[in-house]
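Please look at the sequence and the model first.

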Amino acid sequence: MNQSPNMEFKPVLHYNGCLSFEASAMLHNIIAKIKGQLVNKIFLLLCATILYSMTFFRISGHVVNLGFVLTEIIFVLFASWVFHYNVKMTQSIILTIANRVSITDDKISVTPFTYNLPFSDKTQSDHLEFKINELKIRKTGNPSMFTRALGDKMFLVKDKEKEAYIVSDYFDPALKEKLMDILVEVTPPELLRPGRSRHY
């Protein structure tokens with residue numbers, strides 16, 4: 001994703017050796033759009049379930065027999081699986097996308113976006129902390145099948161227990177530079193490309 005010339009970045013905050021970055025309003029809008037897409041899917045799924053039940057009831061001659069009940073159960077189970085899959089996938093994306101990033105000499109702290117929608121089945125973390133000498137960081141593509149608006153270039157930061165995606169194009173450009181420096185610092189020399197590019 002190419003940075004829009006009209007995108008307004010939040011200023012970088014410097015405090016006691018800590019750099020703090022906050023996502024632009026555009027990334028907030030994208031996350032809101034992903035949440036809206038989930039709500040629309042849930043509504044359409046509910047409408048489809050009701051319409052199917054009414055149609056099948058009419059076809060069955062308004063008779064509630066064993067065949068009707070079994071068919072309804074199968075359809076409801078399928079609809080429930082689709083519902084749960086969409087909620088789980090949406091949560092897994094939102095709860096790992098960085099809203100705020102703070103960097104010190106020895107750690108990266110990420111505050112992810114909040115899910116704040118009903119049907120939650122996953123505990124929300126206030127922030128994720130990664131010790132720089134224990135983390136793995138790499139450039140990666142879009143983890144979401146729900147929207148291409150996140151772009152296809154971001155950083156994945158992870159350790160043995162957790163991970164976070166930092167869509168650096170929606171933060172002050174200094175964040176990308178800092179993450180590239182950390183990437184070089186923690187990546188074994190033999191795995192680095194000769195003459196690495198600082199921009200991608």
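This is a predicted model: local features need pLDDT of at least 70, side-chain atom pairs count only at pLDDT 80 or more; totals for chains, interfaces and linings use all residues.

Residues are numbered from 1 along each chain as its sequence is written, and side-chain values use heavy atoms, with hydrogens and water left out.

**The chain**

Three helices and eight strands make up the secondary structure of the chain. Helices (H or I, at least four residues) and strands (E, at least two) are DSSP runs, numbered from the N terminus. Their pattern along the sequence is β-β-α-α-β-β-β-β-β-β-α. Of the 200 residues in the chain, 34% are buried; buried means under 20% relative accessible area, exposed over 50% and partly exposed in between, with a 1.4 Å probe and protein chains only. A contact means heavy atoms within 4.5 Å. Among contacts between residues at least 6 apart in sequence, 56% join residues at least 24 apart.

**Helix 3**

Helix 3 covers residues 173-186, and its 14 residues should span 20 Å at 1.5 Å a residue; the end C-alpha atoms are 21 Å apart, which agrees. The expected span is 1.5 Å times one less than the number of residues. Which residues of helix 3 are buried? They are L175, K176, L179, M180, I182 and L183. Seen down the axis of helix 3, these buried residues fall within an arc of 165°, so they line one face of the helix. The arc is taken from the directions from the helix axis to the C-beta atoms.

The buried residues of helix 3 pack against several strands, including strand 2 (18-22) and strand 6 (136-140). At the N-terminal end, helix 3 is capped by D172, which has a side-chain oxygen 2.8 Å from the backbone nitrogen of A174.

Two strands pair if DSSP finds at least two bridges between them.

| Strands | Bridges | Opposite residues |
|---|---|---|
| strand 3 and strand 4 | five bridges | V101 and V110 |
| strand 4 and strand 5 | four bridges | K107 and K131 |
| strand 7 and strand 8 | four bridges | V157 and A164 |

A hairpin of three residues joins strand 3 to strand 4.

**Two single residues**

N16 lies in the loop between strand 1 (13-15) and strand 2. The phi of N16 is near 50°, a positive value in a residue other than glycine. N16 is exposed, with a relative accessible area of 69%.

E72 is in helix 2 (residues 66-94) and is buried, with a relative accessible area of 13%. Not counting residues up to four places away in sequence, E72 touches Y52, S53 and F56. The side chains of E72 and S53 are joined by a polar contact of 2.7 Å. A polar contact is a pair of N or O atoms within 3.5 Å; within protein, one must be able to donate a hydrogen and the other to accept it, and residues adjacent in sequence count only if both atoms are side-chain atoms.
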